[in-house]
Structure formats: structure tokens, C-alpha cells
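Please keep the sequence and the structure at hand while reading.

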Amino acid sequence: QVQLVESGGGSVQAGASLRLSCVASRSIGSLATMGWYRQAPGEQRDLVARVTVTGRTNYADSVKGRFTIFRDNAKNMVYLQMNSLKPEDTAVYYCNSVDYPAGWGKGTLVTVSS
């Protein structure tokens, strides 16, 4: 079972930027499309960005134009660059395979204050 470890969260002011990182314990090439999900308090976990093995991306409307997902298959890493953060982006962020979901990691908390 692949292990996924997220990092890079923090507490920031609205308008700031953060870059989240996710490292997998084995090749993410075999995991196909990778995604970043987030779960706000009392809410369900939602997919906010996905990236295919070849780098094609797709975003939720709420983050389109502000977030960028990219991957480094050689390093088994997936990243989420988050710009122009808003208070509504506050959540725990997780990465996982969209096509072959593994167990969830602990996530990384992002808190955006106004």
C-alpha cells in the first residue's frame, strides 16, 4: 500500500501564497492521475485539482486561476501552488491517486485569515 505524506501548510493572510508538497512511498506513475483534495471543518472532502501522468490538469471552479497542480514523477512528488489565498480556502489538504485511491495521509492544514 502506497504511503502519502503531505506538507507545506500553514497560517497565512488572505492574498498570500503557499506551496503544498506530497511525497509517495513508491512510483506515482503507477498511480496515474493524482489529485489534491481538501476538507473544511464540517464539510466533505472535495477534489480541487488533478494532474494526469502526462501533465494535463483540471481544477475546481473555486480554485481555477489561483491554484496550480504539478508533479515530478521521477521524485514521486505532487505539488499544489496556491496563490491569492482566500479565507474559504481554509481546510486540511490531502493528496491521493484519483484513479487508484490509496489510504489517506494525515493531510496538511491551511488556514487563511482575512
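Accessible areas here come from the Shrake-Rupley method with a 1.4 Å probe. On that basis the protein, which is a predicted model, exposes about 5,800 Å², of which carbon and sulfur atoms supply 48%.

**Fold and dimensions**
- The secondary structure comes to 10 strands and zero helices, and the order along the sequence reads β-β-β-β-β-β-β-β-β-β.
- The radius of gyration is 13 Å, close to the 13 Å that the globule rule gives for 114 residues, so the protein is as compact as a globular protein of that length.
- Taken along the principal axes, the C-alpha atoms fill a box of roughly 40 × 25 × 20 Å.
- Among the contacts with a separation of 6 or more, 55% are accounted for by residues 24 or more positions apart.

**Interior**
- Buried residues make up 43% of the 114 residues.
- The largest nonpolar core has 28 residues, of which L4, W36, I69, V78, L80, M82 and Y93 touch the most other members.
- At least two residues of this core are supplied by each of β3 (18-24), β4 (34-39), β5 (46-51), β7 (67-72), β8 (77-82), β9 (91-97) and β10 (108-113), with the largest share, four residues, coming from β3.
- Leaving aside neighbours within four places in sequence, V78 is in contact with L20, S21, C22, I28, M34, W36, V51, I69, F70 and R71.
- In soluble globular proteins, nonpolar side chains tend to be buried together.

Notes: Residues numbered from 1 in each chain as written. Predicted model: local features only at pLDDT ≥ 70, side-chain atom pairs only at ≥ 80, totals over all residues. Heavy atoms only, no water. Rg over C-alpha atoms; globule rule 2.2 N^0.38 Å. Buried < 20%, exposed > 50% of the residue type's maximum accessible area, 1.4 Å probe, protein only. Contact = heavy atoms within 4.5 Å. Core = buried A, V, L, I, M, F, W, Y, C linked by side-chain atoms within 4.5 Å.
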